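Student: I want to go through the labels used for this structure. For each one, show me the value and the cut-off behind it.

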Amino acid sequence: MLKKILKIKKSKSKKKLVCLTAYSKSLSKILDKHCDIILLGDSVATAFYGMENTQQIDMKTMINHANSVKKSIKKSTFVFDMPHNTYRNVYDAKKNAKKIIKITKCDAIKIESNGKNFNIIKSLVSSGIQVMGHIGFTPQFKKNFKIQGQKTNDQNKLINEAKMIEKAGAFSIVLECIAKKTAEKITRSVKIPTIGIGSSNFCDGQILVTDDLLGLSGFYPKFVKKYANLENIIENAVRKFKKDVRNKNFPTNLNAY
Ligand code: KIV
């Protein structure tokens, strides 16, 4: 098993994993210094392309972004989020995952769980492909947003799903928008690290969409903490540029040949 993946697995209960998304080399250059995992998420569809949902992004576009992201990754584990409809069966999943890994040199792929596709994880892992699972609110399969695992019945289903994903050989699982008590029980029920997004600090690590954390996406649900307001910072810079251009203060001799 890849050294990096083993390190992630071993971190359980020792240190909280720091994980973020990146869609370009300029961002992954900064994130690589601080993150354990960088994810080329299918959130590139909504956060970057302004698509209505993540189901609309295709594999070729994501591969192009991954090639850019990979250019700046030196130490973190790079995970590629397999887009909608690229792992409908074992054959497609293997063919597409192998192609993604060959072209992008990512360390692992992530697939969303539909509560049934454990055999796909198992066959990917048995062909040497590292897999990150994803349960709870899984936007490729569920359209309407709802907090997951609030009722006992749903809680039990999620715990079972996480155990099945672990048994299939995944090295970690993203828990998206899962009720606190359920996220805690799932994290205690599996030996692989759980990585939460909107799923409480009981998880073994946290992931956010970087554009949300930086205040650039305009999408700030309760689980997002804005650590910067890049929208304001960029707007101020653009305003200054506009003023300089209008007033003929840019370019000066310093910027001319
Ligand atoms: O696509 C994405 O960014 C994700 C994270 C939210 C986990 O799947």
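Student: Why is Asp 107 called buried?

Tutor: Asp 107 has a relative accessible area of 12%. Buried means under 20%, exposed over 50%, and partly exposed in between (1.4 Å probe, protein chains only). So 12% makes Asp 107 buried. This is a predicted model: local features need pLDDT of at least 70, side-chain atom pairs count only at pLDDT 80 or more, and totals for chains, interfaces and linings use all residues. Residues are numbered from 1 along each chain as its sequence is written, and side-chain values use heavy atoms, with hydrogens and water left out.

Student: What makes Asp 107 and Lys 4 a salt bridge?

Tutor: Their closest N and O atoms are 3.4 Å apart. The rule asks for a side-chain nitrogen of Lys or Arg within 4 Å of a carboxyl oxygen of Asp or Glu. The pair therefore qualifies. Lys 4 is partly exposed, at 25%.

Student: Why does this pair tie together parts that are 103 residues apart in sequence?

Tutor: Asp 107 lies in the loop between α5 and β4 (108-110), while Lys 4 is in helix α1 (residues 3-10). Helices (H or I, at least four residues) and strands (E, at least two) are DSSP runs, numbered from the N terminus.

Student: Why is the pair of Tyr 87 and Phe 141 called edge-to-face?

Tutor: The ring centres are 6.4 Å apart and the planes stand at 80°. Rings of Phe, Tyr and Trp (its six-membered ring) pair if their centres lie within 6.5 Å; planes under 30 degrees apart count as stacked, over 60 as edge-to-face and the rest as tilted. So the pair is edge-to-face. Tyr 87 is buried at 5%, whereas Phe 141 is partly exposed at 37%.

Student: How do you know that Phe 241 and Phe 250 are edge-to-face?

Tutor: Their centres lie 5.7 Å apart, with planes at 65°, so this pair is edge-to-face. Phe 241 is partly exposed at 48%, and Phe 250 is partly exposed at 36%.
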